[in-house]
Amino acid sequence: MSAGLQFFIPLALRKSPFKTNKFPVRNREERMLQLAELVYLLVYLCTVWNMFISFRVCDAVPLQSERNATSISQSRPCWEKEEFSIIRECTPCHDYEKTVHVECTFTGFVEEVKCISDQRYRSCRSVEMEELKFWKFEGIMVLLGVIFAIIVMFRQRTLDRRAEQKVQRQLGVI
């Protein structure tokens with residue numbers, strides 16, 4: 001087992017080739033350290049899981065239906081082939097529009113476009129919603145940074161305490 005991986009495995013579950021577990025955990029402080037390491041591991045795993053979930057919350061990863069729908073859609077819409085004008089700016093879709101216009105399902109916003117040949121709707125992204133998603137993502141990242149900083153400080157204190165106990169035991173032997 002590598003030294004880097006041992007950092008994430010709690011002391012209670014770790015097996016060392018140099019130590020044998022002949023002596024059970026005796027005092028309350030060592031049990032509390034083991035419990036703290038287990039809590040640390042759980043917090044670490046939960047934050048990693050939440051990080052993956054937060055990408056979906058912030059819409060950083062497109063839905064599978066969005067990917068499929070864009071590939072299935074028509075070859076090229078009229079606004080890519082000819083000149084167009086925007087009749088209605090990017091606005092949120094109402095409940096009725098969500099059922100009528102397929103374009104509303106992608107982003108929840110739609111704008112009306114008039115091409116030379118016809119008048120169509122296209123999906124668009126709202127500047128306000130993009131800004132909200134950005135700040136939501138930034139908030140999650142700051143929160144994760146603070147959580148990991150607290151975990152690192154707690155872990156450093158635990159390691160310092162262990163080193164101090166080891167030095168005291170070595171001095172007690174002399």
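Reader: Which hand does the disulfide of Cys90 and Cys124 have?

Author: A disulfide here is a pair of cysteine sulfur atoms within 2.5 Å, and Cys90 and Cys124 have an S to S distance of 2.1 Å. The torsion about their S-S bond is about 95 degrees, so the disulfide is right-handed.

Reader: Before going on, what kind of model is this, and how are its residues numbered?

Author: This is a predicted model, in which local features need pLDDT of at least 70 and side-chain atom pairs count only at pLDDT 80 or more, while totals for chains, interfaces and linings use all residues. Side-chain values use heavy atoms, with hydrogens and water left out, and residues are numbered from 1 along each chain as its sequence is written.

Reader: How many residues apart in sequence are the parts that Cys90 and Cys124 tie together?

Author: Helices (H or I, at least four residues) and strands (E, at least two) are DSSP runs, numbered from the N terminus. Cys90 lies in strand β1 (residues 84–92) and Cys124 in the loop between β3 and α7, so the parts tied together are 34 residues apart in sequence.

Reader: What is the hand of the disulfide between Cys93 and Cys104?

Author: Cys93 and Cys104 are joined with an S to S distance of 2.1 Å. Cys93 lies in the loop between β1 and α5 (95–100) and Cys104 in helix α6 (residues 104–107), so the pair ties together parts that are 11 residues apart in sequence. Cys93 and Cys104 are both buried. The torsion about their S-S bond is about -85 degrees, so this disulfide is left-handed.

Reader: Where does Cys78 lie, and which residues is Cys78 in contact with?

Author: Cys78 lies in helix α4 (residues 78–81) and is buried, with a relative accessible area of 5%. Cys78 and Ser117 are 39 residues apart in sequence, yet 7.6 Å apart in space, C-alpha to C-alpha. Contact means heavy atoms within 4.5 Å; leaving aside neighbours within four places in sequence, the contacts of Cys78 are Cys115, Ser117, Asp118 and Arg120.

Reader: Which residue forms a salt bridge with Glu111?

Author: A salt bridge is a side-chain nitrogen of Lys or Arg within 4 Å of a carboxyl oxygen of Asp or Glu. For Glu111 the closest N and O atoms are 2.6 Å apart, and the partner is Arg122. Glu111 lies in strand β2 (residues 109–115) and Arg122 in strand β3 (residues 119–123), so the pair ties together parts that are 11 residues apart in sequence. Both residues are buried, Glu111 as well as Arg122.

Reader: Which residues are linked with Glu37 in a network of salt bridges?

Author: Glu37 meets Arg162 in a salt bridge of 2.2 Å, N to O. Glu37 is in helix α2 (residues 28–57) and Arg162 in helix α7 (residues 127–173), 125 residues apart. Both Glu37 and Arg162 are buried. The residues linked with Glu37 in the network are Arg155 and Arg162.

Reader: Which elements give two or more residues to the lining of the largest cavity?

Author: On a 1 Å grid over the protein atoms alone, a cavity is a set of points where a 1.4 Å probe fits but cannot get out, and lining residues have an atom within 4 Å of a point. Grid points are joined across faces, edges and corners, and the volume is the space filled by probe spheres set on the points; the largest cavity holds about 30 Å³. Its lining consists of Ala36, Glu37, Tyr40, Phe154, Arg155 and Thr158. The elements that give two or more residues to this lining are α2 and α7.

Methods: Buried < 20%, exposed > 50% of the residue type's maximum accessible area, 1.4 Å probe, protein only. 1 Å grid on protein atoms, 1.4 Å probe; cavity = no way out; pocket = protein on both sides within 12 Å on 5 of 7 lines; lining within 4 Å.
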